[in-house]
There are 2 protein chains.
Amino acid sequence: MAVYTHVPAEEIDAFLTRYDAGRLVSAKGIAEGVENSNYLLETTGADGAGQSGSHRYILTLYEKRVDEADLPFFMDLLDHLGARGCLVPRFIADREGNRLQQLGGRPACLIEFLTGISVTEPTPDQARAAGAALGELHKAAEGFAGKRRNALDLAGWHDLAAKCGDDFDVIAPGLKARVAQELSYLDVHWPGDLARSVIHADLFPDNVLMLGDAVTGLIDFYFSCTDIRAYDLAVTHSAWCFSNDGATFFADRAAAMGAGYAATHGLTDAERAAFPILCRGAALRFLLTRAYDWINTPADALVTRKDPLAFQRRLDFYASADPAVLLGA
Amino acid sequence: MAVYTHVPAEEIDAFLTRYDAGRLVSAKGIAEGVENSNYLLETTGADGAGQSGSHRYILTLYEKRVDEADLPFFMDLLDHLGARGCLVPRFIADREGNRLQQLGGRPACLIEFLTGISVTEPTPDQARAAGAALGELHKAAEGFAGKRRNALDLAGWHDLAAKCGDDFDVIAPGLKARVAQELSYLDVHWPGDLARSVIHADLFPDNVLMLGDAVTGLIDFYFSCTDIRAYDLAVTHSAWCFSNDGATFFADRAAAMGAGYAATHGLTDAERAAFPILCRGAALRFLLTRAYDWINTPADALVTRKDPLAFQRRLDFYASADPAVLLGA
């Protein structure tokens with residue numbers, strides 16, 4: 001968590017003059033996400049009245065992990081979702097209608113600020129609300145014309161596993177064989193006929209803003225893509241329904257999440273039947289990206305490395321669990 | 001710039017229940033300073049009315065560089081200064097009157113949030129305002145009973161230089177001899193009879209919040225201590241009146257800063273006569289701490305190392321400049 005690109009406050013103030021956003025009164029680099037540099041801005045507002053605190057924005061500078069060519073997809077998606085009532089942060093256009101700018105030598109966007117906090121230990125009611133918000137997102141995404149390939153699909157998992165190679169076993173003996181075995185299984189069993197749509201693909205508690213049990217925002221759509229829709233629920237399930245280390249599955253959170261999703265969208269019988277394997281894929285996806293980052297991040301770096309084995313434990317659970325417990329009765 | 005101690009939002013919300021501050025509606029880890037972990041909080045306010053954005057606080061967790069035993073000095077100082085009209089962030093007491101808490105295994109304080117941005121390239125008018133604010137701070141500090149030794153005084157500079165030893169010359173050939181020569185000069189010429197008071201001791205542009213040409217806050221008092229009062233102006237001078245790399249002295253900023261300080265406090269003839277040597281001390285102090293950090297920070301760490309030579313250049317300037325240009329005519 002760090003600000004990678006430092007932008008002088010004077011430059012941010014000058015940048016804001018392109019928008020109807022007022023003058024800068026506060027700018028704080030925030031430790032949000034690991035992909036980009038983010039600033040929380042406060043301005044006087046378009047009317048310049050200077051109601052302190054009433055006008056806040058996120059300024060995002062895109063570092064190398066986000067491809068500038070993907071930004072129009074994300075912008076159009078959030079416009080589409082926002083127009084249909086989803087609580088998502090919209091990209092703000094300047095007076096000439098531009099949403100994509102350059103600042104500090106980086107692609108940069110001004111984005112709506114949303115209140116809410118990210119929970120660390122979700123209650124079942126909070127998991128229910130997250131499931132319901134995901135269902136609403138899937139409903140709102142219907143009719144969205146944009147498409148983006150999921151770089152982290154089954155083919156992408158194979159690529160990542162090949163890059164990790166023998167280093168898997170530095171993380172844990174036997175991990176390379178376990179990953180190879182799972183990839184072989186998924187090659188045979190991964191469903192090819194389920195409904196596809198735009199998905200968030202990374203709806204961890206970090207990316208859901210809440211006040212109490214109510215969702216106030218879904219954020220960080222930079223992994224959103226076109227893929228199996230029910231896979232999005234599997235990702236969310238793997239993120240919300242376990243202890244952080246993956247050692248404990250919380251059936252109450254999972255049942256509540258399933259009920260929340262059913263209340264706003266729901267799964268077909270085919271999606272329900274495939275859900276255990278979708279969850280195995282979700283767990284493998286995060287196992288692989290965490291393993292890759294683990295291998296490629298110096299141990300003494302200031303970024304915290306996330307434990308890949310926390311998702312191997314989830315994978316092992318999904319591979320052996322009674323399918324009936326995954327989403328409740 | 002990083003958040004060193006991560007505190008779950010649920011714990012911050014629970015922490016806030018000790019205060020008349022309302023419930024948490026937003027918490028962002030901010031990249032402020034290098035000494036502590038800081039969060040920018042937003043709450044519903046004591047009345048729970050939830051006026052979005054109207055209630056903001058800084059939550060600071062003290063990492064190892066700040067000694068917990070020094071916190072009461074800083075708290076009492078900011079109370080004293082705030083009560084006398086200085087725009088400083090006050091420490092907030094909980095319902096039982098406690099200002100110092102524990103959170104995430106660290107000493108922690110809730111602190112007033114102040115608006116304003118830190119300039120990177122001060123104009124002369126902004127340098128004038130900073131000088132005036134420093135003079136007001138020195139006036140307001142009169143009568144403050146607290147005392148704190150400056151660990152970075154002449155004796156401390158000798159200690160730091162000894163710790164750097166031969167590593168100085170890894171930074172730049174000849175630097176060790178240059179530092180030794182300067183220390184010998186200061187041992188003979190450092191003034192012993194100037195007025196002492198509480199000083200900020202680190203009033204870089206980073207630590208001054210401004211809106212346009214007006215100062216809205218002086219922050220980061222964690223180096224404040226008891227020392228020669230005019231040395232505080234010398235530190236501020238070295239921080240504000242040069243290009244970042246120290247290669248260019250801006251006489252217009254310096255003259256404006258001197259005029260600003262004179263308007264609210266002013267220097268005696270003895271302080272004015274000693275000012276060049278106080279500036280040499282200030283430049284050496286930052287040269288030394290930057291050199292020490294340079295030597296002890298891995299080159300690939302995510303914290304940005306600040307160039308010690310930017311202050312050697314200031315030192316060289318102060319050692320050879322016509323004293324008349326330092327604060328204008």
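Mentor: For class counts, Ala, Val, Leu, Ile, Met, Phe, Trp, Tyr, Cys and Pro are nonpolar, Asp, Glu, Lys and Arg are charged, and the others, Gly among them, are polar. This is a predicted model, in which local features need pLDDT of at least 70 and side-chain atom pairs count only at pLDDT 80 or more, while totals for chains, interfaces and linings use all residues. Residues are numbered from 1 along each chain as its sequence is written, chains are lettered from A in the order in which they are written, and side-chain values use heavy atoms, without hydrogens and water.

Trainee: Which residues lie nearest the centre of the largest cavity?

Mentor: A cavity is a set of points on a 1 Å grid over the protein atoms alone where a 1.4 Å probe fits but cannot get out, and lining residues have an atom within 4 Å of a point. Here the largest cavity has 13 lining residues, with A:Leu40, A:Arg56, B:Leu40, B:Glu42 and B:Arg56 nearest its centre. Its lining comprises six nonpolar, two polar and five charged residues.

Trainee: How many residues does each domain of chain A give to the contact?

Mentor: Domain bounds come from an automatic or database domain assignment; chain A is divided into domain 1 (9-112) and domain 2 (124-326). Their C-alpha centres lie 28 Å apart. Contact means heavy atoms within 4.5 Å, and 23 residues from domain 1 of chain A and 22 residues from domain 2 of chain A take part.

Note on methods
1 Å grid on protein atoms, 1.4 Å probe; cavity = no way out; pocket = protein on both sides within 12 Å on 5 of 7 lines; lining within 4 Å.
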